[in-house]
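I opened my notebook for a new entry. I wanted to look at the packing first, then the overall dimensions, then the surface.

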Amino acid sequence: MTRSELDRALATATDAARAAGTLMRRNFHSTKKVNEETRHDIKLELDVRCQRLIERRLRRAFPTVPILGEEGIVGDPRASHRWVVDPIDGTVNFAYGIPHSCVSIALQRRVGSEAGPYETVVGVVYDPFCDELWTAIRGRGARLNGRPIAVSRRARLAECIVSIGFAKEPATMRKMIPTLNALLRRVRKVRIMGAAALSLVYVASGRVDAYVEYGLRLWDIAAGGLILECAGGDFFHEPVPGEHRYRLVANNGRLRRPLERLGRG
């Protein structure tokens with residue numbers, strides 16, 4: 001895509017995220033219809049409604065670009081570009097009346113051949129409860145409500161706040177509990193906030209210094225990861241077993257090695 005097309009993609013994603021965020025705010029205090037419930041997760045009927053609203057706006061502006069999301073896929077999965085959407089990141093928070101959830105929309109392009117990997121080129125994360133909008137285009141800076149942001153400069157774990165998550169399956173929890181125990185003894189504070197995209201953009205904004213989790217899905221991290229990179233941070237992620245699943249050590253660019261050593265210890 002050209003520079004002007006990327007600008008248009010950012011504007012389209014921003015419009016879609018704000019529209020879905022408005023729907024979230026309007027339904028925040030209403031009774032939630034649960035479509036699916038497991039021990040550690042909830043799927044709401046509103047997830048689907050937000051996804052469809054986002055799809056309509058993205059497809060209207062970019063009819064040939066497919067959409068990969070938590071609620072399914074629309075379009076050709078072999079295309080050179082794709083949208084990656086999480087209509088409500090932090091659904092359990094939202095369902096329980098905790099105002100800490102967001103909309104996450106990323107545009108990715110395929111690198112190299114038709115079978116090559118994708119990289120994110122546009123990222124939008126919108127928190128409708130704080131009316132905070134994070135945006136980024138690859139190669140440019142990251143912004144919060146239009147103002148440039150940057151990661152923190154803290155390099156000592158003892159001075160850092162680290163966000164952590166436990167995904168949804170018992171296996172991911174077993175992997176993360178030793179990390180939590182190690183962090184509690186070494187960092188200033190640990191935060192478990194329950195919305196991966198917001199944890200990533202909080203690192204990008206310097207509010208927290210790092211975020212670690214195992215078993216995250218692509219739509220949880222695609223937009224926030226780019227925003228973190230464009231804010232000067234280190235978006236370290238690697239695939240783990242399972243479709244579109246990743247291990248994440250997101251940080252301000254100074255903490256990956258000490259966090260990795262902590263995890264091994």
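**Packing around valine 125**

I began with valine 125. Leaving out residues up to four places away in sequence, I found that valine 125 touches Cys102, Val103, Ser104, Glu132, Leu133, Trp134, Ala197, Leu198, Val201, Ala223, Gly224 and Ile227. I kept in mind that this is a predicted model.

Next I looked up the cores. The largest nonpolar core has 37 residues, and Val125, Trp134 and Ile227 touch the most other members. I listed the elements that give two or more residues to this core: strands S6 (102-110), S8 (132-137), S9 (142-144), S13 (210-217) and S15 (245-251), with helices H5 (196-204) and H6 (218-230). H6 supplies the largest share, 9 residues. I also noted a second, separate core of 34 residues, with Ala19, Ala20, Val122 and Ile137 among them.

**Overall dimensions**

I counted 7 helices and 15 strands in the protein. The C-alpha trace spans about 50 × 45 × 35 Å along its principal axes. Of the 265 residues, 56% count as buried. Among contacts between residues at least 6 apart in sequence, 63% join residues at least 24 apart.

**Surface**

The protein exposes about 12300 Å², and carbon and sulfur atoms supply 49% of it. I then found a nonpolar patch on the surface, formed by Val92, Tyr96 and Ile98, with about 300 Å² of accessible area together. Valine 92 lies in helix H3 (residues 91-95). I put valine 92 down as partly exposed because its relative accessibility is 31%.

Key: Residues are numbered from 1 along each chain as its sequence is written. This is a predicted model: local features need pLDDT of at least 70, side-chain atom pairs count only at pLDDT 80 or more; totals for chains, interfaces and linings use all residues. Side-chain values use heavy atoms; hydrogens and water are left out. Patches are made of residues with over 30% relative accessible area and no salt bridge: like charges are joined within 9 Å, nonpolar side chains (Val, Leu, Ile, Met, Phe, Trp, Tyr) within 5 Å. Accessible areas come from the Shrake-Rupley method with a 1.4 Å probe; for residues, only the protein chains shown count as cover. A salt bridge is a side-chain nitrogen of Lys or Arg within 4 Å of a carboxyl oxygen of Asp or Glu. Helices (H or I, at least four residues) and strands (E, at least two) are DSSP runs, numbered from the N terminus. Buried means under 20% relative accessible area, exposed over 50%, partly exposed in between (1.4 Å probe, protein chains only). Contact means heavy atoms within 4.5 Å. A nonpolar core is a set of buried Ala, Val, Leu, Ile, Met, Phe, Trp, Tyr and Cys residues joined through side-chain atoms within 4.5 Å.
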